[in-house]
Every structure is written in C-alpha cells, then in structure tokens.
Amino acid sequence: MKTVLFNTALFMLPLWLHGCTTIEPVAAWERGYLADPAMQWERGKREAKFAGHVYTSKEASSGGAGAAGGGCGCN
Amino acid sequence: MSKLIALRTDSRLVKSLGATLTALPAYQSALADAPPAFTEVGLRYSHYSEDSLPEDSVIFRSRSRYDIDVTQLWIEAPVGGAWSIALDVQNDAMSGASPWFVGLGLDGEPGVIMSGASIQDNRVEVGVTTRYFWADGNAGLAISHSDEDDYEALSFAFDVAWNSADNSRTWTASASSSNDTVSPVKERIPVFIDEESLNTQSIYFGVSQILSQTRIARIGLSYTQSDGYLTDPYKFADRRPDTHDKWTLSAGYRQFMVNMDAALQADYRYYHDDWGTDSHTLEIGWHQNLGNHILAPYLRYYTQGEADFFSPIADRSQAFYADDYRLSSYGALTAGVRWTVQLGDWGIEAQAERYRSSNDWGLFDGDAAPALVDFWRATVGLSWRFD
Amino acid sequence: MKFKRSAVGGLLALLLLAAPAIGEDVGVMAPGFSLPAIANATGTIDLDALRGDVVYLDFWASWCGPCRLSLPALDGLYQELQDQGLHVVAVSVDVVEEDSLDFLARYPVTYPVAIDTTGDTARSFAVNGMPSGYLIDRSGTVQSVHVGFKRGDEESLRHEILELLAP
C-alpha cells in the first residue's frame, strides 16, 4: 500500500511541475509581489540554521538548499 | 556529545521593511545586489525538549531524554558600499540521557538501555561571514568554530550568487569544508576511543527562476563526502564505515496569492547516501500577511529508509552495525507555526513546532527502532535595525 | 502550445525592453510623461515642463530595499542644489498608492513624488532594475542611468549633477 501511494505521487510530480514551468517575463517594476516578505526562500537566516541543525542531528539526512555547514557533535 | 543540535497597520510596506537584502533569491535581484541597508542585531532563544520514552521501550535507566536551551546572538552590518559582515554566536546548553544500546526485553521485544544519569554539556559556536556585492551578484566567505567537552569543529564555507541579465534567474553555488575532532568524555559510560577526527566536504549548485509576477521556483543539487571516524562513540554496539557519500536533490516553490495577501510555500528534498538510506522531505507553509504581522503555519513530512547495517538490536557479527534509531526506517510529521512582526526598527518572532515519528508512518520498509524521538520546540526572538 | 506562446511573448517583451536598453538610453531624449502627484506637489507632474533645468528622475517602490537609502540621499542632494537648478522627481511604481504614502511617512522627502501604477512610464524608460535613476540635462537628453543604490552613491552623482548644472 505504501509503495502504491508513493508511486502515484511520483507519477503526479511531472504534471505538477509542468504547471509551474511556463515562464512569463516580469519587468523590474512588476516585482512587488515577489519582494513581499512572505515570499522569502528561508524563514530567517538564524531560524533556517537552527532548524537545519535540529533535523540533521535527529535524522539520517542532511543538506538541501546550500552546502552542509560546519560540524557539531551530531554524527 | 551534542545532540543538536506605526504606523498604519494594514500596509504591506511596513512588513517589507523587515526583508533583508542579504538573502539570495532571484526576485530580490531586481533591486540590483546591494549590502543590507542598515545594521541589525538580534537575539533568539529556543527550547527543545524530547518526549520521555514509553515505559515498554525502556529496559534500563531513565526514560527521559534530551532538553536543550539554545541562544543565538548576531550582528550584521554593511561595510562601505559593497561589503557586509556578520558575527554569529550560538550557545547550546544540553542536559539529559540518550540511548546507549538496544537489547531484548523480558517481553521478548527490543528495548533501550539508556546512558545513565543526566548529562550536562555546553556547546559554543562562533561564526564570521563576510560578503561582497557587485551589480550582478554577491559572494560570501564564512568561518566558524564549534566547541564543547567532547567535540570541536572548524569549518569554512564559500558561496556565490549570480543573476542573469534580466534578473529573472539566479545561479548559486557553494562549497564547504569542516574538520572535526571527537574526544568522548569517559566518566558517563565506557568509551573505546581517545581522540579521533573526521572531515566533511560539501558542494551545492542551484538555480532559481522567476515564473511570473507572483511565482518563483528553484532546484538544487548537493554532494557531501565525509571521511574519518564516523561511528558514535557513546553507543555500545556501533561500528560505521569510515566514509560516507551523500546526495540531495531539492526543489522549492513560492506563490503569492494577491487576493488573500498571503504566500504558499512548498519545498521538497530527496536524499540518497551510500550507507543505504534514501529519504523524502516535503514541507508546505502558508504565510499570511495580517497588517504588519505575518502568521505562518507549516507542515513537514519526512520519511527515511534504514541504513544497510542497521538492525533494532545491533548484529555485531557483521563488518558494520548500528542500533541507532536515526539509521532506522520511519516517517515523521512536524506541525508548527511562526509569527513575526516588524514595528519600526524592531522585529519580533515567535515559533513553536511539534515533531512526532513512527515506523508506521514511513514509506520505506524496515524494522522499527524502539527509541524513535518525539519533540517539541519553541523559539522567541528580537531584532533591532539601526544606522 | 502554452509554452510556445509564452516563449514568443517572452521574446517580444525582451525586444521591447531591449529597444532603448540601458546603454542606448543615454544620449536619447527622455520620454515625456504627466503623472498624478502624491507628495510635495498638487495635480500632475509633467516632465516636459522642467525642460531647461537639470532633472534627476528616480523610479522607486515601497518594496525596494535600497530605496530606504536612496530617497533620503537624493533629498540631501536636492536641498543642496535646487537653488542652482536641480529638480528631483521621484516616480513610484507601487500598484497600491497607500504603500508609497506609508514609505514616505517613514522616509520623508521634500521633492515632488508622482505615481505610475500602470507601469507605462517605467516601460517607456526601459527601467531594468530598482531603483533606476535617469540624469537628464537642460536640453532634455538622458546623460546617465543609475541602477541600484549603495551608500555613498550620492557622492559620484553629485559630481555628475554639478557638471550639468554649470552654465
């Protein structure tokens, strides 16, 4: 059952991605919405660093957006 | 050993003053890369608390686990017209117990033997980052040092962002290197090493693209390689390879909903390493503007597959073995909410989240580790911007 | 099908934007405009009416970070050189006028500010980044274009303006 759900989600991914890949040119003066603080890639530099640190030390995975940071005693 | 890890209330403008320019996103490149306009100092305090283990999971010693208090202090300032510098100091105060090994309980089920009386440890990390800005991009160099009783790390990281001619696409690349020394404390539980070291190298490439006036997306690829002593010295039955190769493929999407004055955020990461673990991470958030506040609830689903050499009770007849729950198969769900407000030069943030994991929630097959962790975390922060 | 249309549309828009590209804008007559005033003036602000004086035309927005530095810096230049014939005209490209007014309440200036909610004026000047400043001489010709703003940019701008103000 798990694999069926997972495979279905994987098949849906390309359809979803296609919806996002139409690119419209946006002029410099039309970037107000994109500049809205709610549109940031990160929740705040220090929050992103902290959250990343928590998950990297409690889970097997690490990395994502940005190279792996410095060490700590987190295996 | 560390485990941790005015004004008018309905104006979007008042909130946008909170956006920092040192972020790398493509949409802000329309403003032509520049150092932050003002100096900012900030302080954040977080409390992280793991749930006590259920009675039937623990064979011996305390059921309670880790509690960590984290304080983050920073100052970030423009230097001249083209540079910025940031100093970050973080302190982690840890106490609690952690699993020492997994054995067979009287009920015939695997159970945890904990590490004994509460550990107290303190970690201090100091980092300095300098950043240079030019018309089409920016580049940064960061050095940081982390120090605690049993672990020391020195790391360097370099990153660069470059905007395309029409500023609709931003390319980013980064590389980092860390040199760590492990010298486990011997008074708590028997350990079998004195001092070992490990090195980690990592690179990342990414590109973000503006899709429309309200949509932006990015993808990225990273490769990380560690070599040296990678075993957990505080675990009785733990022996890991001395190299570890990790790959990630990530994607992100942001869409602004004009009618709702809110943004939908989605991020996905696929992870694969040569120890046999694969994982998927999916995070969805809704950032709602409310006057000069932002309220952002979020959900994160995570699932990982077990490492090749993992088993609930470590098999010491093999070349490599581990009973560490972090190498087992499971799924985890985080539900959280973040609140931020910008009041003139002052910024306030508060955040809370709850994390729960279970072997049943995972998409990958594998035996359940008896010591999966559940935790909650709360953070408050204050920042001040000045000339 | 959708991709093809947007690719062609994108190409056309790119050509349109490229027409008076930044480099080519220099030496070209500044396009005239008449926009509603939102601060330090009443009625409409007309660029052609300022012919004969030196004009620094600044496109800004409430969501533009460096504008928190550029607007006050330009006000300094304006207060110093307006007697010698310098005009500073700021044009906001905010879609919502209230956002511009809130920004000006926090970073007040003394020069006239107009608003271009449709973006047509910004398009006619081929604005390629925010903020964008156009230094226009007494004959109405664009002499230089400044994209972006960093601390200290007002110093080199001051020298350029003084040269154009010289009789």
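A residue is called buried if 20 or more other C-beta atoms lie within 10 Å of its own, exposed if 12 or fewer do, and partly exposed in between, with C-beta atoms placed from the backbone. By that criterion strand β6 of chain C (residues 132–136) is mostly covered, since 5 of its 5 residues are buried. This is a predicted model, in which local features need pLDDT of at least 70 and side-chain atom pairs count only at pLDDT 80 or more, while totals for chains, interfaces and linings use all residues. Residues are numbered from 1 along each chain as its sequence is written, and chains are lettered from A and ligands numbered from 1 in the order in which they are written.

**Chains**
- Chain C has 6 helices and 7 strands, where helices (H or I, at least four residues) and strands (E, at least two) are DSSP runs numbered from the N terminus.
- Of the 167 residues in chain C, 42% are buried, whereas chain A, with 2 helices and 0 strands, has 56% of its 75 residues buried.

**Strand β6 of chain C**
- In a regular strand the side chains alternate between the two faces of the sheet.
- Both faces of β6(C) are covered, with C:Ser132, C:Tyr134 and C:Ile136 buried on one side and C:Gly133 and C:Leu135 buried on the other.

**Pairing of β6(C)**
- Strands pair if DSSP finds at least two bridges between them; β3(C) (residues 54–60) runs antiparallel to β6(C) and is joined to it by 5 bridges, with C:Phe59 bridged to C:Ser132.
- β7(C) (residues 142–147) also pairs with β6(C) in the antiparallel sense over 5 bridges, and here C:Ser132 has C:Val147 as its bridge partner.
- The hairpin of β6(C) and β7(C) has 5 residues between the strands, and in it C:Gly140 takes a positive phi near 90°.
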